[in-house]
2 protein chains.
Amino acid sequence: MSDGNSNFRTFRDYRWDGVSLLKYKDEGAAPFKEVTRQTLFSRPDLAGELRYFEVAPGGYSTLERHQHTHAILILRGRGQGLVGAEVRRIGEHDLITVPPMTWHQFRAARDAPLGFLCMVDATRDRPQLPTPEDLNELRAKPAVAKFLDGDGPGAA
Amino acid sequence: MSDGNSNFRTFRDYRWDGVSLLKYKDEGAAPFKEVTRQTLFSRPDLAGELRYFEVAPGGYSTLERHQHTHAILILRGRGQGLVGAEVRRIGEHDLITVPPMTWHQFRAARDAPLGFLCMVDATRDRPQLPTPEDLNELRAKPAVAKFLDGDGPGAA
């Protein structure tokens, strides 16, 4: 079903024609566990990019913040999300907005993957990691501390 | 599960918390049948927008072209798509790129809806409709004529 010049790209088992399966980040660059990345749309004539990230069961994305905004739609599975001081159970087709400079992290359930689409501006800043002080501040809220320990709602 | 200030919006039955179900276009503005529109993400701090369109069984979007690019992911159901002179059967999670000034139309199968995400630039031009000459040119290709008559691959 694939040819290099087609405007149609077929989906099969959470892979797409002509889309490479990439590491989420370079190992050691930041803490994360079991995350892959696929860039579905990135073109000079589009101001936005659409990526697909998949967190394996029990895995998690990096806890980080940045100036650019994330627009997320869960495509597959379930888990839990932290955005700012808000922790929520997340599941298929739920929407998540990560506003500028807002700490965020996503965790797959222990028995299910968490796959999500993420729209961002093509031109964007690099993420910042939390300092020990930032972490203390985040952990001051019990629900957030529980989430960071992998034990929030949607963990099971 | 909904509150106005949350960054999480819950999905249920192809509707989302706080997202209005809109008409695809004003009646009479252009030919189309049985299409709804929901804007999932549109924010001043995002260069792109993400919308969800749903074509009911047997329905179709407008045949049109424009300078801006569409980045499409099928979220639900199946049908057929026309992009340029290419006609293809389309199904869940397939990707479709509509490059600038390329005629395109999407049709749901007769017995299934066709729901898709569409990323566009927030700033974009208005669509153009085909002239009778454009239609003749499109119909010169038998596969395209068949599609335009609602009888292409993926119609059943």
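## Strand pairing across the interface

β10(A) and strand β1 (residues 8-9) of chain B run antiparallel and are joined by two bridges. Strands count as paired if DSSP finds at least two bridges between them. In β1(B), B:F8 stands opposite A:I96. The model is predicted: local features need pLDDT of at least 70, side-chain atom pairs count only at pLDDT 80 or more, and totals for chains, interfaces and linings use all residues. Residues are numbered from 1 along each chain as its sequence is written, while chains are lettered from A and ligands numbered from 1 in the order in which they are written.

## The interface

On chain A, 35 residues are in contact with 35 residues of chain B. Contact requires C-beta atoms, placed from the backbone, to lie within 7 Å. Several strands of chain A give two or more residues to this side, among them β1 (8-9), β5 (33-41), β6 (48-60) and β12 (114-121). The largest share, four residues, comes from β10(A).

The side of chain A that touches chain B holds 18 nonpolar, nine polar and eight charged residues. Here Ala, Val, Leu, Ile, Met, Phe, Trp, Tyr, Cys and Pro count as nonpolar, Asp, Glu, Lys and Arg as charged, and the others, Gly among them, as polar.

## The fold of chain A

Chain A has two helices and 12 strands. These are DSSP runs numbered from the N terminus: helices are H or I of at least four residues, strands E of at least two. From the N terminus on, the order is β-β-β-β-β-β-β-β-β-β-β-β-α-α. The radius of gyration of chain A is 16 Å, close to the 15 Å that the globule rule gives for 156 residues, so chain A is as compact as a globular protein of that length. The radius is taken over C-alpha atoms, and the rule is 2.2 Å times the number of residues to the power 0.38.

Among contacts in chain A between residues at least 6 apart in sequence, 63% join residues at least 24 apart.

Conventions. Two residues are in contact if their C-beta atoms, placed from the backbone, lie within 7 Å.
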